[in-house]
Amino acid sequence: MKRKTPKNVKQSGRKKVSSLGVNNTRQLQLQLNEVSRLSLKQYKPLPTTTTICTSSSTASRFQNLLDSETNENPHARVTGDAVEPDYRDFILSQEFFCTPDYITPDNQRILNSLDFNKDNSPCPKSPEKLNTTKSKRCTLDGILVNPLSPTFSGNHQPVVELDKDSVAEEVDIDKTMAASKPKAQNYVSHSAAALRCRVMPPPCISNPYLKDVSQQETDPFANQRSKCAGLFPNFTSADGLSRYRTDFHEIEQIGRGNFNSVFKVLKRIDGCLYAVKLSTRQLHQETERRKALMEVQALAALGSHENIVGYYSSWFENEQLYIQMELCDHSLSINKGYELLAEGQALEVLYQVANALQFIHEKGVAHLDVKPDNIYVKNSVYKLGDFGCATLIDNSLPIEEGDARYMPQEVLNENYDHLDKVDIFSLGASIYELIRRLPLPESGSHFLNLKEGKLPLLPGHSLQFQNLLKAMMDPDPVKRPSARELVENPIFDKALRIPKN
Ligand SMILES: Nc1ncnc2c1ncn2[C@@H]1O[C@H](COP(=O)(O)OP(=O)(O)OP(=O)(O)O)[C@@H](O)[C@H]1O
Ligand SMILES: [Mg+2]
């Protein structure tokens, strides 16, 4: 939907205040309407500090002043209803324009109402046509809104689909409107936070998954930071814009879990596609934010591995945690209707995820939510994702159990002595589900049988394969193979022709 743009507003909004040519100053004068007009006209007869008065008597005094000024000044020109003084003999106060950051009109809320992702603002090189943006959006009175998009919030105006030409106009008009709109409630706090953080950056949060790093290394300013409020400043960028919308062009929503939505995005500066995951609800409490942060801390501490979804960066915005990740093609969720996995394919998934588990277990981390939904595929490579339940195997961090259908009995009994073996059970249960293409039971006798490692016969599958699954789902965690033992199982040599080192 295209909003009408009054021409004069568009012109005045387009000029930048910082370059002070005669024309620009005129544009500024128009933009600021009476305020700037009066201010500029008072330069000679009045002291430099200008008070803007609103009473009619004062206004008419200014009007007289303005008129007499126009008459007195032979260089002044009158064009339409705008009066132009001769700019050669007056100097604008620098402070007039160089306002400190914390009082600069911050039109963030108004800009928030524009969905910059819907524009065609230039991205360096787009591997995807931008006309792929339409999926999963619902229409609201002719305005296209995706209620799950981070660009939509109950507080904000709805996302507006803008066409190419209207974007510049819309930005212009909204920038101009920002000066006359009442300030957004949170504008001072955003700007003040940005200013404060320039003076003293926010604290470094120690990563519990990294054991051998000193406090000095993780937060060199810790002892000077007592006055800094909150561990997680609710950041937009220093200029008040959303980092998500400034840095990324949102293409479509590609996933939704219990707590998060995942979007396919194009990063404007490098022209590459990524997945950005964000919490579906705002995390108001610091404890909630800390908990959510565990996922990125685990990903960051683990580092890269071919069979683990790549992690790039993360930040808090609008009290939501954003995680920029490697984009994968899809997950193995059986709800998505992919075909039955043949044994060879199942062994491929098993081998690659076992590699990921070996990697994380050797770093002391257990995933605790291994399931098909959390195994992604990219160019036929399987990657373990969703580290939202990751914890330390030594029990030194809180434990949050993953999906009960894939959990072994000992976890349901709150026995956390062998957390690495929990992942082995879950991987066995996932493969069992994938080869049958039937959702695992949530309760009942089949559910209990699986917890006891009693698998029904799997027709069409080799005994060696069935025995391996049984061993992985053994009710005794000690009897389950470790990830390393799994990877070294001879079953993979033949099936996957893995070269021996
Ligand atoms: N990097 C990615 N590339 C492609 N798709 C992804 C990616 N990350 C997540 N997804 C998709 O989004 C879905 C939800 O993501 P994720 O599992 O991380 O969210 P969650 O809220 O933590 O889930 P859960 O309900 O398991 O707790 C995944 O099942 C997957 O389909
Ligand atoms: Mg998940």
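Me: Ligand 1 first. How do the residues of its shell divide into nonpolar, polar and charged?
Reply: Nine are nonpolar, nine polar and five charged. Bear in mind that this is a predicted model.

Me: How many residues surround ligand 1, and which are the closest?
Reply: The shell holds 23 residues. Closest are Gly-255, Gly-257, Asn-258, Asn-260 and Ala-275.

Me: Which elements give two or more residues to that shell?
Reply: β5, β6 (260-267) and β7 (273-279) do.

Me: And where does the largest share come from?
Reply: From β5, with three residues.

Me: Where does ligand 1 lie relative to the domains?
Reply: Between domain 1 (243-326) and domain 2 (330-496), because both give residues to the shell around ligand 1.

Me: Switching to the sheet. What's the strand order?
Reply: β5-β6-β7-β9-β8. That is an open sheet of five strands, with antiparallel pairing.

Me: Which strands stand at the edges?
Reply: β5 (248-256) and β8 (311-317). Each has a single partner strand, so one side of each has no neighbour in the sheet.

Me: By how many degrees are neighbouring strands turned against each other?
Reply: 25 degrees on average, direction ignored.

Me: Back to β8. How many bridges does it form with β9?
Reply: Six, in the antiparallel sense. Strand β9 covers residues 320-325.

Me: What is the bridge partner of Glu-317 in β9?
Reply: Gln-320.

Technical notes: Residues numbered from 1 in each chain as written. Chains lettered and ligands numbered in written order. Predicted model: local features only at pLDDT ≥ 70, side-chain atom pairs only at ≥ 80, totals over all residues. Pairing = 2+ DSSP bridges. Helix = DSSP H or I, 4+ residues; strand = E, 2+ residues; numbered from the N terminus. Axes fitted to C-alpha atoms, helices over the stretch in contact; angles between N-to-C directions. Near = placed C-beta within 6 Å. Nonpolar A, V, L, I, M, F, W, Y, C, P; charged D, E, K, R; others polar. Domains from an automatic or database assignment.
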